[in-house]
Amino acid sequence: MLDKGYINHQEITTITINQQTKQIETFTRLKMAGSHALVMAVLVMGIAFHSTLIDATIAKSMYFNWGAHHSSILGNGDDLRLVLDQTSGSGIQSKRAFLFGSIEMLIKLVPGNSAGTVTAYYLSSTGAKHDEIDFEFLGNSTGEPYTIHTNIYTQGQGNKEQQFKLWFDPTSGYHNYTIHWNPTQVVWYVDSVPIRVFRNYESEGIAYPNQQGMRVYSGLWNADNWATRGGLVKIDWTSAPFVASYRRFRARASAVAAMNSASQDDKATVSCF
């Protein structure tokens with residue numbers, strides 16, 4: 001997740017959905033001949049993750065970590081509203097940390113003129129050398145497409161941004177956003193469509209997040225110094241309050257004791273459900 005008041009101006013790769021799909025299809029064809037063992041391992045891991053499905057409401061699984069005074073959990077405890085106005089944004093986080101699994105949420109993004117706002121949905125550990133896997137949704141002027149900003153941090157090092165344009169209106173209804181994270185790869189999904197893959201190439205000296213348990217976070221805040229057209233378009237506060245809506249947080253994942261990156265030598269303790 002990029003800092004709320006700062007953006008590191010590294011080169012950001014913008015990829016269309018069709019380009020990413022072609023890349024994934026090409027990789028699949030190249031790997032088909034020699035990856036049966038890997039496929040079986042992933043399938044076994046998938047079954048294991050499925051057996052630890054956390055099928056609880058948002059109210060039972062998460063809590064507000066800021067801005068609770070004007071945000072709310074509604075209905076049966078599985079409907080969340082995060083709010084941004086001139087007094088504050090808001091955020092929520094999971095009670096448990098996870099090490100590998102599939103984390104999914106249904107989200108309806110801020111409608112109308114959302115320029116300058118950022119709605120974030122991400123996994124993160126804590127500390128200066130934290131790990132993190134990001135979905136960030138960059139607001140835009142009415143009628144313009146939302147931009148998905150993705151990034152991944154390992155040991156506090158990011159600079160792996162890629163951006164995508166959504167091919168639908170994400171404010172007219174709820175859509176599924178899933179982060180699938182296992183020892184071999186991280187995949188970002190939108191409505192079951194993989195838009196990005198980050199693979200484990202530790203053998204080639206590229207760091208990969210596989211040592212720290214991470215909690216799930218989401219937040220809505222003012223980022224008009226960078227979010228829309230590099231900060232050229234500011235928030236129109238006459239359109240406030242800005243509201244992002246959430247449903248059905250689900251984690252098919254292994255829950256672990258949360259670890260600060262400063263004490264990562266500690267062993268993760270797996271909790272069974």
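**Strands, aromatic pairs and annotated residues in a predicted model**

Of the 273 residues of the protein, 50% count as buried. Buried means under 20% relative accessible area, exposed over 50%, and partly exposed in between, with a 1.4 Å probe and protein chains only. The model is predicted: local features need pLDDT of at least 70, side-chain atom pairs count only at pLDDT 80 or more, and totals for chains, interfaces and linings use all residues. Residues are numbered from 1 along each chain as its sequence is written, and side-chain values use heavy atoms, with hydrogens and water left out.

The protein has 3 helices and 16 strands. These are DSSP runs numbered from the N terminus, with helices (H or I) of at least four residues and strands (E) of at least two. Contacts were counted for heavy atoms within 4.5 Å. Of the contacts with a separation of 6 or more, 68% are between residues 24 or more positions apart.

The annotated positions come next. In the unreviewed UniProt entry, the annotation "active site" covers E132 and E136. UniProt positions are given in the numbering used here, feature names are shortened, and annotations may be inferred rather than shown by experiment. E132 is placed in strand 8 (residues 132-138). E136 lies in strand 8 as well. E132 has a relative accessible area of 3%, so E132 is buried. E136 is at 0% relative accessibility and therefore counts as buried. The side chain of E132 is joined to that of S124 by a polar contact of 3.4 Å. A polar contact is a pair of N or O atoms within 3.5 Å; within protein, one must be able to donate a hydrogen and the other to accept it, and residues adjacent in sequence count only if both atoms are side-chain atoms.

Aromatic pairs were then examined. The whole structure holds 9 of them. Because F135 and Y177 have ring centres 5.9 Å apart and planes at 75°, this pair is edge-to-face. Rings of Phe, Tyr and Trp (its six-membered ring) pair if their centres lie within 6.5 Å; planes under 30 degrees apart count as stacked, over 60 as edge-to-face and the rest as tilted. F135 lies in strand 8 and Y177 in strand 11 (residues 175-181), so the pair ties together parts that are 42 residues apart in sequence. F135 and Y177 are both buried. F198 and Y208 form a stacked pair, with 6.2 Å centre to centre and 10° between the planes. This pair links distant parts of the chain, 10 residues apart: F198 is in strand 13 (residues 193-199), and Y208 is in the loop between strand 13 and strand 14 (214-222). Both F198 and Y208 are buried. One aromatic cluster is formed by Y121, F135, F137 and Y177.

A charge also meets a ring. The charged end of R196 sits over the ring of W188, 4.7 Å from its centre. The criterion is NZ of Lys or CZ of Arg within 6 Å of the ring centre and within 35 degrees of the ring normal.

Strand 11 has 7 of its 7 residues buried, so it is largely enclosed by the rest of the structure. Both of its faces are covered. H175, Y177, I179 and W181 are buried on one side, and N176, T178 and H180 on the other. Two strands pair if DSSP finds at least two bridges between them. Here I103 stands opposite I179. Strand 12 (residues 185-190) is also antiparallel to strand 11, with 5 bridges. V187 in strand 12 is the bridge partner of H180. Strand 11 and strand 12 form a hairpin with 3 residues between them.

Two further residues were examined. S245 is in strand 15 (residues 242-256). Its relative accessibility is 6%, so S245 counts as buried. The C-alpha atoms of S245 and K108 are separated by 5.0 Å, although the residues are 137 apart along the chain. Not counting residues up to four places away in sequence, S245 touches L80, R81, L106, I107, K108 and Y174. The side chains of S245 and R81 are joined by a polar contact of 3.5 Å. H149 is found in strand 9 (residues 147-153). At 0% relative accessibility, H149 counts as buried. Its side chain makes a polar contact of 2.8 Å with the side chain of Q163.
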